[in-house]
Amino acid sequence: MRTYDLIGIGLGPFNLGLACLAEPLEDLDALFLEARDQFGWHPGMLLPEATLQVPFLADLVTMADPTSPYSFLAYLKQTGRLYPFYIRESFYPLRAEYDQYCRWASERLRSVRFGQGVQTVEHDGQAYVVGTATGERYRTRRLVLGTGTQPCVPEPCIGLDGPVLHSADYLRRKQDLQRTGSITVVGSGQSAAEIYADLLADIEDHDYVLRWVTRSPRFFPMEYTKLTLELTSPEYSRHFRSLPADRRRSLLREQRSLYKGISASTVDAIFDTLYAKQVAGGVPTTLLTGMEVTAAGWDGSRYTLDLHHLESHEDACLTTESLVLATGYAPTVPTFLDPVRDRIRWDEHGRFLASDTYDVSLAGGEVFVQNAEEHTHGFVAPDLGMGAYRSSVILASILGREVYPIERRIAFQEFGVPERLRVTEPVR
């Protein structure tokens, strides 16, 4: 059996970026396996006007190799859209456009195999053996896990009957939603805001009651100032890793507005739409902040949501025919790793324990993760802008050399105490 140097499991943007950066390397024999028949990036949220929240430079490869033939600009040039993108004068690609770009890149890679859902991973004493649903078996010295995240469902809604849906399925189920008399969106972030705005735009045409319920005390915008953006940097990630686990956990809660908020333009657009509709006579819509869903039930025709206000500690209740959970995503550990769990490092909560090179293997240099290390590396883990950097680090660890130069310091500010200012003796 052929033994690969590296097999990537899952083909989201991060492993796809790694595949693009690995493609020209003659001394690296890599293979990437994806269960789906083609690339797809959050198809349920590819709303026509929705844009990325990061500039086009945060593509698959540019931050590691601006000369790569797999860059977003190369895609635009090849598809004849470079000049229209230039005239558009926006750094932020449409989300649907980014999905098309990733599909374009994936179809040009020799190392990608679609329709290869991984079912088992074993170790034969010298290498990993990967088995797929089609009966194929592949052998490799190293694994890179890019299996993505799974939709999160609030505890009161787990196992809930009826046509409840997660935002991941929004576009596929949108017409069904709009046939009902009332729709409630639960969630705090960009997806919740985009779904609410999309449903609000059509509310007169379909005559439904629309509500938006969020546990957050306000509809807070994502913080996007330049010195704040320096937190998406290699040195901040190193600083974050150096902190105790409990401090990292509390920091992630405090930093939600840095990566789980709503773009300011979306917040403003929603207000402007509400204002215009109010001038025209108003529409049946309600926005509820600080409300936590404490219980949920389905009686066969509608949902009942028990709510608790986190500031006033008052209870409330509402009924709705349709329910949309825009409650985010979380990484999970694939069950196909069960046979090799003893070769992987875990933290006390059963999560991957990643090193500074994103390595989670006990032996070192065998298993790497993509976007499964938020608890160790910080909120930059899911950031598209750090994907090419992480791929560069993983490739350097595997090959023993920096194929793509790795930035060590990019920020003006310091994180933690600089060595030159550190006090080694107590100040009297």
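Modeller: Happy to! Let's begin with tyrosine 303, whose bridge partner in E16 is threonine 320. Before going further, a word on the source: this is a predicted model, where local features need pLDDT of at least 70, side-chain atom pairs count only at pLDDT 80 or more, and totals for chains, interfaces and linings use all residues. Residues are numbered from 1 along each chain as its sequence is written, and side-chain values use heavy atoms, with hydrogens and water left out.

Back to the strands: E15 (residues 303-309) and E16 (residues 315-320) pair in the antiparallel sense over 6 bridges. Strands here are DSSP runs of E, at least two residues, and helices are runs of H or I, at least four, numbered from the N terminus; two strands pair if DSSP finds at least two bridges between them. E15 and E16 form a hairpin with 5 residues between them, and in its turn histidine 313 has a positive phi of about 60 degrees.

Moving on to charged contacts, a search of the whole structure finds 23 salt bridges (a side-chain nitrogen of Lys or Arg within 4 Å of a carboxyl oxygen of Asp or Glu). One of them joins glutamate 373 and arginine 390 at 2.4 Å, N to O. This pair links distant parts of the chain, 17 residues apart: glutamate 373 lies in the loop between strand E19 (367-369) and helix H13 (374-377), and arginine 390 in helix H14 (residues 387-399). Both glutamate 373 and arginine 390 are buried; buried means under 20% relative accessible area, exposed over 50%, and partly exposed in between, with a 1.4 Å probe and protein chains only.

Another salt bridge connects arginine 408 with glutamate 402, their closest N and O atoms being 2.5 Å apart. Arginine 408 counts as partly exposed because its relative accessibility is 47%, and glutamate 402 also falls in the partly exposed class because its value is 38%. Glutamate 414 forms a salt bridge with arginine 409, with the closest N and O atoms 3.3 Å apart. Here glutamate 414 is partly exposed, at a relative accessible area of 35%, and arginine 409 is partly exposed at 46%. There is a network of salt bridges too, linking Lys174, Asp198 and Asp202.
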